[in-house]
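I opened the notebook to look at how two chains meet and what lies inside them. My entries follow the display.

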Amino acid sequence: MSARIARISGSVVTCDHAELFAMGERAAVGHVGLVGEVIRLTAEYCYIQVYEDTTNLQAGEPVAPTQTPLMVELGPGLLTTIYDGIQRPLDVLREQSGAFILRGAEAKALSRDRQWLFEPLQEVGADLSGGALLGQVQETSAIVHKILVPPLVCGHLLKIANKGEYRLHEPIALVRKDNGQEQELYLYHHWPVRQKRPVNKRLTPDIPLITGQRIIDTLFPLAKGGTAAMPGGFGTGKTVTQHNLAKWCDADVIVYIGCGERGNEMTGVLSDFPKLADPRTGHPLIERTVMIANTSNMPVSAREASIYTGITIAEYFRDQGLDVALMADSTSRWAEALREISGRLEEMPAEEGFPAYLPTRTAEFYERAGKVQTLAGDSGSVTSIGAISPPGGDFSEPVTLHTQRFVRAYWVLDKALANARFFPAIHPLESYSEYGAELVSWWMQMSTHWQRDREELFNLLMEADELKGIVRIMGEDGLSDHQRRVLLAERVTKEGFLRQSAFNANDRYASPKKQAYLLQVIMQQVRALLGDTGTIEDARERFQLDGLIRLKDEIASDDADGILKWQDAP
Amino acid sequence: MSESLKEKRSDPIIYTQLECIEGPLVALLASLSGIGFGEAVQIVDRAGNVRHGRVALLDDKRVTIEVFQGTAGLAMGGERTRFLGRPITLNLDVSIIGRRLNGMGEPIDGGPPLAGEAREISGTVINPTARSYPDEFIQTGITGIDVMNALVRGQKLPIFSSSGLPHDRLAIQIAQQAKIRPDLSAAVGTGTSSEQELVVVFAAIGVKHDVAVRFSEEISGRTVSFLNLADDPVMERLLTPRMALTAAEYLAFDLGLHVLVILTDMTVYGEALREVATARGDVPSRKGYPGYLYSDLASIYERAGQIKGKKGSITQLPILTMPNNDITHPIADLTGYITEGQIVLSRDLSRQGLYPPLELLPSLSRLMGDGVGEGLTYADHMPLMEQLYAAYARAEEVRMMTRIVGEEDLSEIDRCYLRFAQLLEQRFLAQGFSEDRSIEQSLEMGWRCLGSLPAKELTRLSQDEIEQHRSMWEGADDVKAFTQEEDTGRE
């Protein structure tokens with residue numbers, strides 16, 4: 001008795017013998033064994049979303065249950081690899097089938113041939129619980145990969161391998177579990193993607209994730225273990241900002257999910273990252289990066305899965321006590337994949353055709369971020385940063401609105417700024433971050449002026465915005481001299497501090513010190529300018545504002561003290 | 001896979017009973033085994049005419065077919081429905097260059113049927129690890145594109161236009177002038193192949209007859225045309241761009257040619273998709289377009305690019321007309337999210353008689369940053385572009401203000417910006433239909449435009465960059481002459 005395909009509608013396939021399947025189970029569909037996942041069961045039929053193109057599939061072809069949910073493989077070999085949405089390594093697929101991805105292609109996520117130098121850190125006889133340290137592997141020059149007991153396993157360590165080279169399928173430890181059964185442990189294990197990995201407890205995020213982007217770190221900071229969303233219409237620089245965060249942020253591991261975006265962009269990451277060095281460690285950025293690419297023309301259901309594949313990998317590195325940053329570009333495409341599958345299931349749509357469970361799924365995803373105490377007692381974090389692509393740049397659409405409820409930093413990308421090529425085009429008045437207050441004490445160690453400078457900068461931006469409203473109606477002549485100085489000061493802070501060029505080698509990454517000092521120097525000049533009583537026409541020269549604006553480009557990120565020297569020079 | 005399918009079934013399956021006809025869809029009531037999802041279908045009606053279709057929905061009781069030529073004239077009995085045992089394909093060999101075909105890929109130039117290997121038109125996904133990142137500058141000879149929004153080989157850069165604007169003219173000019181400049185590239189060994197002229201694959205999707213004729217006549221030389229005209233069957237429009245891209249992939253990745261694909265008009269394509277989706281009963285999202293519009297458009301646009309180890313490339317230049325000039329319309333919006341930038345045409349500038357009427361501020365080329373600069377074009381290219389953009393954006397603000405407060409109340413600096421914008425539009429952007437400017441000429445014009453601004457306004461440039469180019473604008477005669485013209489012209 002085996003199940004047969006009864007109906008095919010795009011990526012959703014229906015088969016009979018529903019009693020053979022369980023919800024969320026992975027199924028092999030058709031003669032070629034396309035990967036699918038059970039998403040609905042009725043008395044008669046089983047509905048399966050298929051992660052590959054269903055063209056040519058025929059009614060009557062077999063469907064086989066696999067007894068396991070959709071899983072990812074977690075172990076050494078993840079870093080530097082680029083996967084598709086269901087964790088098939090794209091470079092291996094390319095070796096198998098050339099430049100184009102063929103249907104039904106199959107490849108193990110982690111190489112079984114590669115040998116890893118395992119170093120045991122436990123003695124035989126130890127009583128171990130899930131998450132306990134077994135040993136370690138130097139995975140790349142940047143990252144030491146800790147080999148942990150899988151979360152749900154605990155028992156008495158009977159054997160552990162000596163230091164030496166092992167392949168993934170060679171056991172490195174043997175434990176006797178509480179029920180008396182013995183279980184072999186390997187360098188890797190499997191974990192279902194839709195299930196979050198257990199932790200001891202959650203901690204309050206109180207350390208900033210330094211991104212090197214001034215407008216983010218100084219005005220709208222993000223904490224390690226925090227969540228941020230970045231809505232913006234097309235051309236406002238979402239992807240460039242995500243790339244900049246992935247390049248320069250001070251997380252230990254980056255998980256970059258290209259979810260329904262352009263193929264060339266992922267290629268860009270692949271060609272850039274090996275060449276760029278991590279500003280903290282000097283190692284190539286690629287060595288701390290895992291990529292998941294499900295480009296816009298890849299099957300839509302795999303796009304839905306890619307977010308979960310990514311966050312599960314992020315949690316796995318977090319459990320090793322690392323700080324992980326996850327970028328998802330773009331979560332709107334993930335929501336659209338939900339919508340498309342929901343439509344194929346003929347579910348009742350809620351807003352704009354999206355299913356009613358969109359907010360629940362969004363919340364589930366962002367809640368998997370956080371700073372935690374791991375099972376082993378270490379501290380680790382997953383920071384999630386999601387880009388949103390609102391249709392027509394309309395921020396009142398469901399995905400933007402629901403996401404806004406579940407994130408604590410919200411960076412609005414503004415079309416007008418982007419049109420003037422002012423990048424990062426994060427709107428300084430519409431964006432916000434709830435982490436600002438929690439991170440003050442950290443920043444005060446950089447510069448004791450930080451809090452005051454930052455507040456004055458905010459006030460200046462707001463005041464100038466009001467004045468611009470007046471200018472729009474009355475012209476600049478309607479302003480007093482002081483008001484004109486405010487506008488000039490605002491321009492200096494925007495051009496000299498908030499704007500940051502991704503192409504300028506000095507400017508693309510700003511260390512916290514450089515940011516704090518630059519803010520200090522600029523705000524000091526601004527105060528002097530605002531308190532000035534001389535003519536406004538020559539204020540630019542007198543206060544050397546042009547030099548101030550160029551300061552960020554001329555002083556390298558590691559020469560933060562050079563900024564204070566500039567201040568002393570005049 | 002298609003091979004295994006063919007082995008299983010050498011003879012087409014033929015049925016004679018239709019169960020239901022609804023819009024462009026017909027259904028057959030039969031428990032059919034051996035029929036694949038997406039399989040190509042031929043329906044021979046009672047008059048003996050052949051219509052083409054595709055399996056759109058498949059279950060154990062019936063088969064639903066989309067008929068590309070429409071269902072008018074079909075009846076429930078007497079039709080012969082043939083299942084071809086394969087998805088829709090296009091025959092390809094080198095003789096396709098120079099051919100004129102209809103939207104289904106059938107010759108309409110009186111030539112012989114297409115020969116060669118049959119390829120599935122739905123295409124397969126290029127593995128991102130196999131792509132080679134586009135970074136080779138294409139000189140289009142159009143200043144507003146080359147300096148401000150450079151086109152790069154392997155890019156997909158749409159033209160966002162509206163009815164009545166000269167987007168066809170512009171596309172033709174680009175197709176005629178576009179060339180690679182190997183002399184600029186620092187990379188050694190790019191060889192002379194780069195100097196080959198681009199092969200143009202032209203897909204007309206529901207365009208007017210005279211537009212199609214104009215394209216066919218003006219893009220002479222090595223061209224393949226797929227023409228679905230405004231009065232051709234709507235369903236065929238879903239196939240036309242895929243036919244064209246299948247041909248382009250063959251030319252680029254099998255024959256190693258550099259291909260420029262022009263797709264016009266993608267708005268009509270989107271409307272055809274909506275029509276079919278509605279008939280199928282798909283849940284609509286924005287403006288009645290189906291939720292999968294994004295994925296569907298992506299399956300077309302993502303078929304641009306270059307592949308490592310293969311010589312050719314596909315550069316896409318889709319054209320779409322924004323209904324009511326609305327850039328937030330779903331088709332323009334989703335296209336903008338998929339493509340690597342957009343060239344926006346402005347009705348205001350066009351009304352002023354300016355050609356090409358490029359609206360600079362919303363236009364963007366995402367791949368420009370990697371395709372220009374030292375060793376690709378010139379080191380001053382990026383900073384100049386950024387400065388021109390910043391100044392033009394400021395000038396637009398001043399213009400807005402002028403409309404309210406009048407020109408008299410403007411400060412001296414603001415007047416400079418107005419003059420700069422005038423100069424930029426009249427001298428830098430405007431050019432003739434057949435004026436082919438080199439990148440060197442274009443860059444120089446850009447620097448000259450900056451001459452109308454005081455140096456201290458140029459905050460996007462470093463001191464060095466300003467000094468290096470000072471000679472270009474100080475004493476730039478055309479600036480002075482232009483300023484005087486303006487002043488006298490205003491009287």
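**Entry 1: the model**

I note at the outset that this is a predicted model.

**Entry 2: the A-B contact**

I began with the interface.

I then looked up which elements of chain A take part.

**Entry 3: strands across the interface**

I stayed with β1(A). This strand runs antiparallel to strand β5 (residues 50-59) of chain B, and 2 bridges join them. In this pairing I looked for the residue opposite R7(A). D59(B) in β5(B) stands there.

**Entry 4: the nonpolar core**

Next I went inside. The largest nonpolar core holds 307 residues. I listed those with the most contacts inside this core: V201(B), A247(B), V259(B), V261(B) and I262(B). Which helix gives the most to the core? I found helix α11 (residues 381-405) of chain B, which contributes 11 residues.

Setting aside neighbours within four places in sequence, V201(B) is in contact with V224(B), A244(B), A247(B), A248(B), V259(B) and V261(B).

**Entry 5: domains of chain A**

I looked up how chain A is divided. Domain 1 spans 3-69, domain 2 spans 111-187, domain 3 spans 201-436 and domain 4 spans 450-568.

I took domains 2 and 3 as a pair. Their centres, taken over C-alpha atoms, are 32 Å apart in chain A. Between them, 12 residues of domain 2 are in contact with 12 residues of domain 3. On the domain 2 side of this contact I have 6 nonpolar, 5 polar and 1 charged residues.

**Entry 6: strand β21 of chain A**

Is strand β21 (residues 289-294) of chain A mostly covered or mostly open? It is mostly covered, with 6 of its 6 residues buried. I checked both faces. T289(A), M291(A) and A293(A) point one way from β21(A), while V290(A), I292(A) and N294(A) point the other way, and all are buried.

I then looked up the pairings of β21(A). Strand β8 (residues 82-83) of chain A pairs with β21(A) in the parallel sense over 2 bridges. Here Y83(A) stands opposite I292(A). Strand β20 (residues 253-259) of chain A also runs parallel to β21(A), joined by 6 bridges. In that pairing, I257(A) has I292(A) as bridge partner.

**Entry 7: a sheet in chain B**

My last stop was an open sheet of 3 strands in chain B. The order is β12-β11-β14, with antiparallel pairing. Which strands are at the edges? They are β12 (151-152) and β14 (179-180) of chain B, each pairing on one side only. Strand β11 (residues 137-139) of chain B pairs with β14(B) in the antiparallel sense over 2 bridges. I noted I180(B) in β14(B) as the bridge partner of I138(B).

Definitions and conventions: Residues are numbered from 1 along each chain as its sequence is written. Chains are lettered from A and ligands numbered from 1 in the order in which they are written. This is a predicted model: local features need pLDDT of at least 70, side-chain atom pairs count only at pLDDT 80 or more; totals for chains, interfaces and linings use all residues. Two strands pair if DSSP finds at least two bridges between them. Helices (H or I, at least four residues) and strands (E, at least two) are DSSP runs, numbered from the N terminus. A nonpolar core is a set of buried Ala, Val, Leu, Ile, Met, Phe, Trp, Tyr and Cys residues joined through C-beta atoms within 7 Å. A residue is buried if 20 or more other C-beta atoms lie within 10 Å of its own, exposed if 12 or fewer, and partly exposed in between; C-beta atoms are placed from the backbone. Two residues are in contact if their C-beta atoms, placed from the backbone, lie within 7 Å. Domain bounds come from an automatic or database domain assignment. Ala, Val, Leu, Ile, Met, Phe, Trp, Tyr, Cys and Pro count as nonpolar, Asp, Glu, Lys and Arg as charged, and the others, Gly among them, as polar.
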